Amino acid sequence: MIIIVGLPLALGGLCYLALAHHSAAFRSQAICRSNLQLIDGAKAMAAGESRLKSGAAVSADTVATFMELGWPNCPAGGTYSVGPIGTAPTCSIPGHSLAP
């Protein structure tokens with residue numbers, strides 16, 4: 001009787017843990033994507049104000065001045081790179097990007 005009741009409970013617990021981990025990873029990725037969108041928008045504003053052409057270098061410090069809440073942090077501990085004008089900012093964590 002213990003095996004009949006215990007096995008489904010154990011499997012249910014494992015499924016719950018797997019879903020909770022997947023949900024946290026999905027949330028982290030979604031927050032990171034949102035941060036990258038904010039960085040991209042601030043980068044576009046910096047480019048417009050400074051009249052920077054595509055391919056021009058721009059620093060994270062310059063972009064951060066256009067971010068009301070300051071420079072964001074990746075919830076998974078990744079590092080953001082601004083990249084040159086005309087390219088998307090990136091995160092060092094695989095799977096964290098502006099691409100869907």
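**Figure 1. The largest pocket of the predicted model.** The largest pocket has a volume of about 180 Å³, a pocket being an open set of points on a 1 Å grid over the protein atoms alone where a 1.4 Å probe fits, with protein on both sides within 12 Å along at least five of seven lines. The volume is the space filled by probe spheres set on the points, which are joined across faces, edges and corners. Its lining (residues with an atom within 4 Å of a point) includes N35, L38, M45, F66, E68 and W71. By class, the lining comprises eight nonpolar residues, three polar and one charged, with Gly counted as polar. The model is predicted, local features need pLDDT of at least 70, side-chain atom pairs count only at pLDDT 80 or more, and totals for chains, interfaces and linings use all residues. Residues are numbered from 1 along each chain, and side-chain values use heavy atoms, without hydrogens or water.

Figure 2. K43 belongs to helix α1 (residues 2–50), a helix being a DSSP run of H or I of at least four residues. The K43 side chain instead reaches the backbone oxygen of V82 at 2.8 Å.

**Figure 3. R51 in a loop.** R51 lies in the loop between α1 and α2 (60–64). Its phi is near 55°, a positive value in a non-glycine residue. R51 is exposed, at 74% relative accessibility (exposed means over 50%).

Methods: Helix = DSSP H or I, 4+ residues; strand = E, 2+ residues; numbered from the N terminus. Polar contact = N/O pair within 3.5 Å; in protein donor to acceptor, adjacent residues only side chain to side chain. Buried < 20%, exposed > 50% of the residue type's maximum accessible area, 1.4 Å probe, protein only.
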